[in-house]
Amino acid sequence: SAYSDFAPSFYEQGLIFSSDRDTGNFARNRHTWNGKDFLDLYKVDADSASLNKVLKLDDYVNTRLHESTSITTKDGQTLYFTRNNLVEGKYKKDEEGIVRLKIFRAVMMDDGLWGEVEELPFNSDSYSVAHPALSPDEKTLYFASDMPGTLGASDIFMVEINKDRTFGSPVNLGN
């Protein structure tokens, strides 16, 4: 499209992707860096012949700030995604004045909407955690972060996803 569409991930018979497309809202949120709309997550079916079939994910996932890079489990029941650090509807800056990124998890509810959106426990207001990816067996979550212990400005980490939906401790993948 004419917009910044990126970070596709498979979902059902199509994709979820990030975009700064104008959704036609009267009170649009524009980013001061580039004057574009904030990023949100959208879905499209693989058999859609028209961009008119692009649907914005619900407001439990999308907020007035950025949502981006997502991955769903193969059964389509769990969504992991990146979001700006948002507390009670307002962005939160760290001590350096930076709005950090965090990974959130949502669950598909019986009504077909995403719900039970929760922040992952290894997020922080002091560093970013972003760009989730799942291992083929869905027992490991990979992500990028500048958390303490990084070797560069930002490294790739992995964390075990336990059967009870809790997480192990993040491990830096090293050199």
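How many helices and how many strands does the protein chain have?

View 1. Welcome to a predicted model, whose protein chain holds 0 helices and 14 strands. Read from the N terminus, the elements go β-β-β-β-β-β-β-β-β-β-β-β-β-β. Of the 175 residues in the protein chain, 41% count as buried. Its accessible surface is about 10200 Å², and 51% of that belongs to carbon and sulfur atoms.

View 2. Setting aside neighbours within four places in sequence, F6 is in contact with F17, S18, L39 and S68. Look for S19 too: its C-alpha atom lies 6.5 Å from that of F6, although 13 residues separate the two along the chain.

**View 3. The largest nonpolar core.** This core has 14 residues, and those touching the most other members are Y80, L120, F122, V129, L141, F143 and F167. Strands β11 (129–134), β12 (140–145) and β13 (155–160) each contribute at least two residues to this core. Another core lies apart from it, with 11 residues including L41, V61, F81 and F104.

**View 4. The surroundings of V129.** Which residues does V129 touch, not counting residues up to four places away in sequence? The contacts of V129 are L101, K102, I103, F122, N123, F143, A144, S145 and M147.

Key. Residues are numbered from 1 along each chain as its sequence is written. This is a predicted model: local features need pLDDT of at least 70, side-chain atom pairs count only at pLDDT 80 or more; totals for chains, interfaces and linings use all residues. Side-chain values use heavy atoms; hydrogens and water are left out. Contact means heavy atoms within 4.5 Å. A nonpolar core is a set of buried Ala, Val, Leu, Ile, Met, Phe, Trp, Tyr and Cys residues joined through side-chain atoms within 4.5 Å. Buried means under 20% relative accessible area, exposed over 50%, partly exposed in between (1.4 Å probe, protein chains only). Helices (H or I, at least four residues) and strands (E, at least two) are DSSP runs, numbered from the N terminus. Accessible areas come from the Shrake-Rupley method with a 1.4 Å probe; for residues, only the protein chains shown count as cover.
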